[in-house]
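This briefing covers one structure, shown below. The notes after it are grouped by topic.

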Amino acid sequence: MDLSILWYLVPSVIMFACGVFGFITRKNMIAMLISLELILNSADLNFVIFNRFLFPGSMDGMIFTLFAIAIAAAETAIAIAIIINIYRAVGNTDISGVNKLKF
Amino acid sequence: MGSTLPILILAIPLFMFLLLGLGGVKMPRKVCGVLGILGMGTTMTLAYIVALSYFFCPEFTVDGVRQQVMVFDQTWLSFTDTLVVNLGFLLDPICAMMLMVITTISFMVHLYSWGYMEHEDGFQRYYAFLSLFSFSMLGLVVATNIFQMYIFWELVGVSSYLLIGFFYKLPSAVSASKKAFIVTRFADLGFLIGILILSFYTDTFNFVEMTSNPGQVLAECGGATFMGASVLTWAMVLIFTGGMGKSAMMPLHIWLPDAMEGPTPVSALIHAATMVVAGVYLVARMFPVYCIAEGSMTFITVVGAITAFYAAVVACAQIDIKRVLAFSTISQIAFMMVSLGVATDSPYIKGEFYGGLGYMASMFHLFTHAMFKALLFLGAGALIHAVHSNDYTKMGGLRKYMPITHWTFLIGCLAIAGIWPFSGFFSKDEMLAAMFESHWFWGAWMTMVAGLTAFYMFRLYYLIFWWEENPEYKHHTPHDSPWQMSLPLIILAAVSCVAGFIPFGEFVTWNRMPYHIHIELPVAATSLTVAVLAIALATVMYRKKNPLPERMRNLFPALWTAAHRRFYWDEIYQFITHKIIFGIICKSIAWFDRHVIDATMDGFAKITNCASSAIKGFQSGNVQAYVAWYFIGAVLLAGITWLCFI
Amino acid sequence: MDAVSNIILYFVVAIVIAVFSVMAVASRKILRAATYLLFVLIGTAIFYFQLGYQFLGGVQIAVYAGGIMVLFVFAIALTHRPDEKSRPLESHRLRVGLVCSVIGTVLLLFALFTLPLINGLSLTECLSQSHAITMHEIGKAFTGTEKYQYLLPFEAISVLLLACIIGGVTIARKR
């Protein structure tokens, strides 16, 4: 039995689908952020998998994932700062309370 | 001669315009007036020096032919290799003559205005505009190329507009200035098209290049024809259209009578002596080319002859003295046009007759007419100044109260009527001689016009100075004007007395070779007889108050009304512009604009509006909905891509 | 042929990832959701190790499982009572979410199994085709300017992180 590329991609797809589901359904903003991390993580994993199986000689996918992790960290920090700010203003972290930005 | 003096002739009026226009408000009136007069006096002196040295220094004459001197000719705009516009100073006989005429009249008017405009608001502005006009007019006559002429042509149009509308608080003055500007602009459109056609074929704007070898111009135009006439003829007729506008030829004459809304000295300067003869000057400038463009000369002659007669008839039935003089101006300019039109470029003297006689006579009449018509206008200004009305019914019997004005005005009338030995006699005699030599019909027709001229001028003279005294004189006695106004009258009257004895043909002819003027006795006798008869008739009718004019008027009431209303030209224009152009053409265009173009644009806006209100619900502010939509969109795109490429 | 231990490890990690992903988005207690996410992240790190990227796995644990999770925990502690439970999901949201994720999953799996990008190499073969990546190589890749070297993005990321620190402080500070 070989551990081919598909074996690794399937958990990635499951992670991604869970992330999408959570992002759309959860009302808590932190929970949405957790879902977002799932999506991001699955994308990172994909980079690495493709790097390993399709281009074993290079390491660009890994480098890209390193950058993505750094950006994810930055994005999470900012997002949490915003969520805390909203919490101070609104009193909870419910996304349905934050819908003023519209027509 | 260096180029310093000629440049100064142009630079001083321009400088005075800038000085008085920018700094005039800060100056007292006296300073402003004196500055303007001094500036113009200097310019006049310089112009005389330049012109007289041109006429009398032998260096400008080679083998008996006066040379056309390019004092300077500077490239101004260079578009392509062939399309180059120059600015320069071309000195030749007609230019030198015009320099003298313009500066003399302008100086007289500057001096006169000091008295006439003394109590008006905007005195400084007035002097600034006068300087601007003098500059533009001088630039026009010295133009080396037709494009420079066009530039200054528009500049004189602008200064004319500004000066007609000088009393800008009067609605009539404002509309008159607009009328003058718009009518002449329309004519100038033709002028511009003519210039473009001509220069397209000849690759040059330069007068000297075009006129020194007109045969080559014709050759360059080739056999190109348009609607039965050669392209050259079309170009020259279109150029003449510009002249028709400026010189108030029919049917573009309607602006000139209204232009009398301007101050009277302005009428004397611009609308009698200088600007309105620009059309004549233009034709004279291009004369050799006109001669070779078959048909254009006939066109000029016919237009001139009709205009001359029309204006003379209308002048007989006007009440406003300035309007009489305006129509007289139109008639006299038309006289010059006819004289130019009958001239030919035949280089030889055929027996007694010289083909270019009409050209010489036309220029001669331009010269003398400028003097006596300015005199008449300035005299009219003095009358208006004294009586405070333009209307001769408010005048009458003024000869006792205003002797200087009376005598100078009489001299002006005699000159324009063509009585020996006043200047008008000599120039008119030469013109009539040229016309009779061309065709007896033109001679007879224009002799009749000359008779009418004598009649309406003396009708005006008697109605102002004889007839019956206005009883209001007892409350407000009219008197002669201050010296600033009388001096120009006297000077111009003196010039009108002696100018006829100038051997004009020695100086100005079309081929710049001297020509010896001699009086054509039969022609002179005829015209003199006609003039004397006309004056006698005017004397009988208008010397003392009598019912004769009333009876004459009642004999042909329709004719009188028609002439008084200037044969309804204004009404015709009104009808064409308002009923046909505004009412039919513009209305339908406006309908199209409103209901098709605007409606299309409104439709776009409406569609956008509807679409936005229909889809704005998508922007709910709910981030998760956005994500769901985005995700669905991404999936769809992926599906479509996959379907298309796999 | 891969080693049996590798395959067993794979299955364990894959099941952990799948199960805890679902639980992370399904749990109604937010702190538990964060904990489940932590397991998913660690599982991913183990995958990285298994695929031969030791450095990346270390970074994954240090930054994600360490740094970001700490941030999450602090944020949750700041904004939630300890025993707070979120409300059950609304049914229409649930439907939308399910439809989206199911469609996405189906499409992706379909693509995976039909697209020709799969070469069928096994992990052992791939690992044998490449050498182990050393820290020296990674350092060179981050600090060089030639082909396959990434100094400029590296510097850009450092500026981004600085901006992020400043921005985070500015946004979250008390006014």
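Five residues of chain C are in contact with six residues of chain B. The side of chain C that touches chain B divides into four nonpolar residues, one polar residue and no charged residues. The model is predicted.

**Chain C: make-up**

- Chain C has seven helices and zero strands.
- Read from the N terminus, the order of elements in chain C is α-α-α-α-α-α-α.
- Chain C has 175 residues, of which 26% count as buried.
- Taking the contacts in chain C between residues at least 6 apart in sequence, 48% join residues at least 24 apart.

**Chain C against chain A**

- In this contact, 72 residues come from chain C and 61 residues from chain A.
- At least two residues of the side of chain C that touches chain A are supplied by each of helix 1 (4–26), helix 2 (30–50), helix 3 (54–79), helix 4 (91–114), helix 5 (123–129) and helix 7 (151–172) of chain C.
- Helix 3 of chain C gives the largest share of that side, 13 residues.
- By class, the side of chain C that touches chain A has 51 nonpolar, 19 polar and two charged residues.

**Cis peptide bonds in chain B**

- The bond from B:M250 to B:P251 is a cis peptide bond, with omega near 0°. B:P251 sits in the loop between helix 9 (231–246) and helix 10 (255–258) of chain B.
- A cis peptide bond also runs from B:W420 to B:P421, with omega near 5°. The loop that holds B:P421 is between helix 17 (403–417) and helix 18 (423–438) of chain B.

**Positive phi in chain B**

- B:F567 is not a glycine, yet its phi is positive, at about 55°. B:F567 is in the loop between helix 23 (557–564) and helix 24 (569–615) of chain B. Because 17 other C-beta atoms lie within 10 Å, B:F567 is partly exposed.
- B:Y568, a residue other than glycine, has a positive phi near 60°. The loop between helix 23 and helix 24 of chain B is also the place of B:Y568. B:Y568 has 12 C-beta neighbours inside 10 Å and therefore counts as exposed.

**B:L521 and B:A433**

- B:L521 belongs to helix 21 (residues 521–542) of chain B. B:L521 is exposed because it has 10 other C-beta atoms within 10 Å.
- In sequence, B:L521 and B:A433 are 88 residues apart; in space they are 9.4 Å apart, C-alpha to C-alpha.

**Helix 16 and helix 20 of chain B**

- Helix 16 (residues 357–387) and helix 20 (residues 483–498) of chain B pack with their axes 9 Å apart and at an angle of about 150°.
- Angles over 145 degrees count as roughly antiparallel, so helix 16 and helix 20 of chain B are roughly antiparallel to each other.
- Helix 16 and helix 20 of chain B make a left-handed crossing.
- From helix 16 of chain B, the contact takes B:M371, B:F372, B:A374, B:L375, B:L378, B:G379 and B:A382. From helix 20 of chain B, the contact takes B:M485, B:P488, B:L489, B:L492, B:A493, B:V495 and B:S496.
- The contact of helix 16 with helix 20 of chain B comprises twelve nonpolar, two polar and no charged residues.

Technical notes: Residues are numbered from 1 along each chain as its sequence is written. Chains are lettered from A and ligands numbered from 1 in the order in which they are written. This is a predicted model: local features need pLDDT of at least 70, side-chain atom pairs count only at pLDDT 80 or more; totals for chains, interfaces and linings use all residues. Two residues are in contact if their C-beta atoms, placed from the backbone, lie within 7 Å. Helices (H or I, at least four residues) and strands (E, at least two) are DSSP runs, numbered from the N terminus. Ala, Val, Leu, Ile, Met, Phe, Trp, Tyr, Cys and Pro count as nonpolar, Asp, Glu, Lys and Arg as charged, and the others, Gly among them, as polar. A residue is buried if 20 or more other C-beta atoms lie within 10 Å of its own, exposed if 12 or fewer, and partly exposed in between; C-beta atoms are placed from the backbone. Axes are lines fitted to C-alpha atoms, for helices over the stretch in contact, and angles run from 0 to 180 degrees between N-to-C directions. Angles under 35 degrees count as roughly parallel, over 145 as roughly antiparallel, 65 to 115 as roughly perpendicular and the rest as oblique. A crossing is left-handed if the near helix is turned anticlockwise from the far one by less than a right angle, and right-handed if clockwise.
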